[in-house]
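Could you walk me through this model, stop by stop, while I have it open in my viewer? I would like to know what to select next and what is there.

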Amino acid sequence: MDSHPVSAGLDIDRVRRDFPALGLEVHGHPLVYLDNAATTQKPEAVIEAISHYYRFDNANVHRGAHALSDRATTAFEQSREAVAAFLNSPHSRQIIWVRGVTEGVNLVAHSWGRSNLEEGDRVLLPYLEHHSDIVPWQMVCAATGATVEPIPILDSGDIDLDALDGMLDERVKLVALNHVSNAIGTVNPVRDIIRRAHAVGAKVLVDGAQAVAHWPVDVQALDCDFYTFSGHKLFGPTGIGVLWGREELLDAMPPFLGGGEMIERVSFEGTTFNSLPFKFEAGTPNIAGVIGLGAAVRYVNGLDRAGAAVHEASLLEYTLELAADIPGLTRVGAPLESVGIFSFLLEGCHPSDLGMLLDQQGIAVRTGHHCTQPLMDRYGVPGTARASYTIYNTRDDVDALFEGCLLYT
Ligand code: PLP
């Protein structure tokens with residue numbers, strides 16, 4: 001099967017050459033990397049931006065009165081501008097650097113949540129959520145007397161919108177949900193859900209971990225209150241991510257962490273805080289990570305994104321076609337709209353055994369509960385095997401996955 005097409009302006013061969021890791025061999029086989037929902041591989045442009053910073057510009061930012069610090073600060077703030085444009089943020093001061101979605105959600109939970117939630121308030125989260133969008137809310141609700149309530153999903157893996165409507169009332173202060181499910185690929189109708197939540201006065205936090213690599217996100221068009229994503233799922237480095245918030249909300253929120261850089265003036269009589277975004281950026285930041293993320297955003301901006309979406313959709317379609325012929329294979333979830341994430345079970349082969357066996361063929365998939373235990377409970381399974389596709393995957397990769405599965409059926 002020829003699988004290196006030019007997909008509507010996206011030259012897959014060229015894209016693949018941008019990612020050095022795709023040339024690796026694993027256990028004597030060419031690497032077939034199908035674990036992109038866990039983390040994506042990094043293009044040369046990102047690796048080079050990080051290396052350039054450490055080789056030529058290494059200094060702390062916003063502090064030193066010297067050339068290296070100036071260069072580091074300029075690159076650091078240019079990344080913030082690039083991310084602001086990437087999300088269509090009204091202003092770059094609404095871009096807060098965090099370690100990733102986990103820290104983004106914790107920041108909102110511990111800062112906004114602790115100052116806005118009280119006894120009797122309700123926080124709604126779909127069964128689809130990643131643990132990083134459940135546990136921080138459980139912690140903050142335990143401290144404030146608010147409650148966390150799951151929004152039901154249909155067997156397909158789509159949010160039950162009728163059930164959501166039945167739950168929404170003026171005691172709901174927040175709806176938090178992922179834009180795309182990491183476990184089964186559901187693309188949630190976030191614009192619609194935001195409209196419904198806003199109608200009862202609730203704020204909405206969107207976890208964009210699995211969305212930003214697949215299509216352009218516009219926070220103003222979504223009309224969300226908070227949006228967060230991780231750099232490492234967007235071809236950028238680990239340990240860096242973004243929290244975007246509405247300016248009036250961020251302004252009113254207390255700092256999350258205290259320390260250097262987030263202050264205006266410190267005395268033992270009292271401390272005043274810096275303005276946005278620095279109020280939320282205590283301590284020396286992950287400078288190389290920010291610069292690497294800026295490079296990742298520029299890399300993605302240079303791709304034909306519409307072509308990439310078509311390509312990924314065609315990989316999922318091809319996957320479903322081949323999966324239908326594999327004896328004993330069951331797909332978990334079949335959402336109305338899905339990104340290139342395929343979660344499945346193979347009769348007689350535990351997902352973790354399948355993962356190890358595929359690894360022997362050089363095929364990397366994720367197995368387990370995908371940090372979504374409530375969703376696994378909803379489906380009555382302990383975990384699944386998951387193949388997740390991105391811009392550089394090909395039909396050959398899909399063929400390899402199913403040839404690998406056939407060895408064990
Ligand atoms: N939310 C979703 C939907 C995810 O897929 C992930 C990571 O797998 C996270 C949150 C957590 O992201 P991070 O570990 O980068 O903070």
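Here is a tour that goes from the sheet to a salt bridge, and then to the pockets and cavities.

Before you start, please note that this is a predicted model, in which local features need pLDDT of at least 70 and side-chain atom pairs count only at pLDDT 80 or more, while totals for chains, interfaces and linings use all residues. Residues are numbered from 1 along each chain as its sequence is written, and side-chain values use heavy atoms, with hydrogens and water left out.

**Stop 1**

Switch to a cartoon view and find the open sheet of seven strands, with mixed pairing and the order 6-12-11-10-9-7-8. Its edges are strand 6 (95–98) and strand 8 (147–151), each pairing on one side only. On average, neighbouring strands here are turned by 20° against each other, direction ignored. Helices (H or I, at least four residues) and strands (E, at least two) are DSSP runs, numbered from the N terminus; two strands pair if DSSP finds at least two bridges between them.

Now select residues 226–230 and 241–245: these are strand 11 and strand 12, which run antiparallel and are joined by five bridges. Phe226 has Gly245 in strand 12 as its bridge partner.

**Stop 2: a salt bridge**

Show the side chains of Arg71 and Asp57, which form a salt bridge with their closest N and O atoms 2.7 Å apart. Arg71 lies in helix 3 (residues 67–87) and Asp57 in helix 2 (residues 44–57), so the pair ties together parts that are 14 residues apart in sequence. The count comes to 17 salt bridges, by the rule of a side-chain nitrogen of Lys or Arg within 4 Å of a carboxyl oxygen of Asp or Glu.

**Stop 3: the pockets**

On a 1 Å grid over the protein atoms alone, a pocket is an open set of points with protein on both sides within 12 Å along at least five of seven lines, a cavity is a set where a 1.4 Å probe fits but cannot get out, and lining residues have an atom within 4 Å of a point. Grid points are joined across faces, edges and corners, and a volume is the space filled by probe spheres set on the points.

Select Val101, Thr102, His130, Ser230 and Lys233, which lie nearest the centre of the largest pocket among its 22 lining residues. This pocket has a volume of about 300 Å³. Helix 4 (residues 101–116) gives the largest share of the lining, three residues.

The second largest pocket holds about 230 Å³ of space. Select Trp97, Val98, Glu103, Ala282 and Pro285, the closest to its centre of the 16 residues that line it.

**Stop 4: the cavities**

The structure holds three cavities of 30 Å³ or more. For the largest cavity, with about 80 Å³ of space, select Asn36, Ala37, Gln210, His214 and Tyr389, the closest to its centre of 13 lining residues.

The second largest cavity has a volume of about 50 Å³. Residues including Ala213, His214, Phe235 and Arg305 line this cavity, and helix 11 (residues 305–323) gives the largest share of the lining, three residues.

Conventions:
Axes fitted to C-alpha atoms, helices over the stretch in contact; angles between N-to-C directions.
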